[in-house]
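Good morning, and thank you for coming. Today I would like to speak about aromatic rings and their partners; please look at the model with me.

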Amino acid sequence: MLVGNILEKTEAFCAWQVCADRLADWMRNTWQSHEDDRVSQWEDSTVEQATAIPGLRSEGFDNLVSVDYVLKWWGSRDLEAQSGELNVVWKVFKPDDANGSFECYRTWIRLAPRDFILGQYKSEMEKREANRAAVREAFHQWQALFIKKGS
């Protein structure tokens, strides 16, 4: 084992960027796992890590309680056809509610097989980076929706 002994300055990431990258990797891993098992229709879910929620709140996702992700795949032979959907369920505390109840909001990403196959990308890492960039863009849009909703 080789341990580095230099402390390198690195780029700081926002919580939403870290969540987006983790979500993109989870989606890709889930899709690949089902492809390897030759399962063409499936549904999987996960939740955002609780430790990420305070960071998301501080970045414009006001009153956020939790985030659930539901990935549904019904498949298609056409690489361009809509074949799945990621539903993102945002649980948000109701403002001015002393009982601490919450409301749910939904956003989504529609998916096609081309979103997962390597296609023009030469390596798995290139494809993962492309997927991460796309999900980061989605999080950026969702952040804008949250900020707009709060005003």
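I begin with a charge and a ring: the charged end of arginine 110 sits over the ring of tryptophan 108, 3.7 Å from its centre. A charge sits over a ring if NZ of Lys or CZ of Arg is within 6 Å of the ring centre and within 35 degrees of the ring normal.

A word on the basis of these values. This is a predicted model, in which local features need pLDDT of at least 70 and side-chain atom pairs count only at pLDDT 80 or more, while totals for chains, interfaces and linings use all residues. Residues are numbered from 1 along each chain as its sequence is written, and side-chain values use heavy atoms, with hydrogens and water left out.

Now to the ring pairs. Rings of Phe, Tyr and Trp (its six-membered ring) pair if their centres lie within 6.5 Å; planes under 30 degrees apart count as stacked, over 60 as edge-to-face and the rest as tilted. The count by this rule is 11 aromatic pairs. In one of them, phenylalanine 61 and tryptophan 90 have ring centres 5.3 Å apart and planes at 15°, so the pair is stacked. Both phenylalanine 61 and tryptophan 90 are buried, that is, under 20% relative accessible area, where exposed is over 50% and partly exposed in between (1.4 Å probe, protein chains only).

How is the pair of phenylalanine 61 and phenylalanine 146 arranged? Their ring centres are 5.0 Å apart and their planes at 55°, so this pair is tilted. Phenylalanine 146 counts as buried because its relative accessibility is 7%.

Finally, Phe61, Trp90, Phe139, Trp142 and Phe146 form one aromatic cluster.
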